[in-house]
Amino acid sequence: MTAKIAYLDVEVGTELPAQTFGVTRATLVQYAGASGDFNPIHWNEKFAKEVGLPDVIAHGMFTMAEAIRVVTDWTGDPGAVVEYGVRFTKPVVVPNDDEGATIEVSGKVAVKLDDNTVRVDLVAMSAGQKVLGMSRAVVRLA
């Protein structure tokens, strides 16, 4: 695969299509099975509250993975992501109801780099709070 976005067609400030991702308790159980991370803060409400959390929270790596989807969907090629990093700033709290939580992610091109690469800065929010800080990806474009 190769990125479907051309480097020459992108300018600093280019906005990527924003996306909203739903997260339910079932999603967390599925992710726990796939990742092997069965920490009870991600599925056991009683335990989560006993350790000082407001409720069950999403896995940080799950939140990070959902956020980068904005970039991979934009480029059309997950392999175009050369580098990706975040800081976990707030947890995504997932209530035990039919709706769960949402993660809203937006991004924009912050810097054009060498070798057909750009740095994309992402903003990930849940319940009105920024849940990822310094969320940045370097992406190689066509």
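How exposed is E45, in terms of its relative accessible area? E45 is partly exposed, with a relative accessible area of 27%, in what is a predicted model. The briefing below begins with the sheet, in which five strands are arranged in the order β1-β3-β4-β5-β2, and then turns to the salt bridges, of which the structure holds eight.

- The five strands form an open sheet in the order β1-β3-β4-β5-β2, and their pairing is antiparallel.
- The edge positions are held by β1 (15-23) and β2 (81-88), each of which has a single partner strand, so that one side of each is left without a neighbour in the sheet.
- With direction ignored, neighbouring strands of this sheet are turned against each other by 20 degrees on average.
- As a general point, the strands of a sheet pair through backbone hydrogen bonds, in either a parallel or an antiparallel manner.

**Strand pairs and hairpins**

- Strand β1 runs antiparallel to β3, and seven bridges join the two; within this part of the sheet, V23 has A101 in β3 as its bridge partner.
- Strand β3 (residues 101-112) pairs with β4 in the antiparallel sense over eight bridges, and V109 stands opposite V120 in β4, while K108 stands opposite D121, also in β4.
- The hairpin of β3 and β4 has four residues between the strands, and in this hairpin D115 takes a positive phi near 60 degrees.
- Strands β4 and β5 likewise pair in the antiparallel sense, over eight bridges, and the bridge partner of T117 is R140 in β5.
- The hairpin of β4 and β5 has two residues between the strands, and here A127 is the residue that takes a positive phi, near 55 degrees.

**Salt bridges and their surroundings**

- Among the eight salt bridges of the structure is the one between R25 and D55, whose closest N and O atoms are 2.7 Å apart.
- Because R25 lies in helix α1 (residues 25-35) and D55 in the loop between α2 (45-50) and α3 (60-75), this pair ties together parts that are 30 residues apart in sequence; both R25 and D55 are buried.
- A further salt bridge is formed by E45 with K49, where the closest N and O atoms are 3.2 Å apart.
- E45 and K49 are four residues apart in helix α2, and are therefore separated by about one helical turn.
- Like E45, which has a relative accessible area of 27%, K49 is partly exposed, with a value of 44%.
- R136 forms a salt bridge with D121, and the closest N and O atoms of this pair are 3.8 Å apart, which falls within the 4 Å limit used for a salt bridge.
- The R136 and D121 pair links distant parts of the chain, since R136 belongs to strand β5 (residues 129-140) and D121 to strand β4 (residues 117-126), with 15 residues separating them.
- Both members of that pair are partly exposed, R136 having a relative accessible area of 34% and D121 one of 22%.
- Salt bridges that share partners join R25, E45, K49 and D55 into one network, so that the buried residues R25 and D55 are in a network with the partly exposed E45 and K49.

**Nonpolar surface patch**

- V29, F38 and W43 make a nonpolar surface patch of about 340 Å².
- Of these residues, W43 lies in the loop between α1 and α2, and W43 is partly exposed, with a relative accessible area of 45%.

**Annotated span**

- According to the UniProt record, an unreviewed entry, the annotation "domain: MaoC-like" covers residues 18-120.
- In the model, the end C-alpha atoms of residues 18-120 lie 13 Å apart, and the span is 32% helix and 29% strand.

Definitions and conventions:
Residues numbered from 1 in each chain as written. Predicted model: local features only at pLDDT ≥ 70, side-chain atom pairs only at ≥ 80, totals over all residues. Heavy atoms only, no water. Salt bridge = Lys/Arg side-chain N within 4 Å of Asp/Glu carboxyl O. Buried < 20%, exposed > 50% of the residue type's maximum accessible area, 1.4 Å probe, protein only. Pairing = 2+ DSSP bridges. UniProt positions renumbered as here; feature names shortened; annotations may be inferred. Patch = residues over 30% accessible without salt bridge, like charges linked within 9 Å, V, L, I, M, F, W, Y side chains within 5 Å. Areas by Shrake-Rupley, 256 points an atom, 1.4 Å probe, with all protein chains shown as cover. Axes fitted to C-alpha atoms, helices over the stretch in contact; angles between N-to-C directions.
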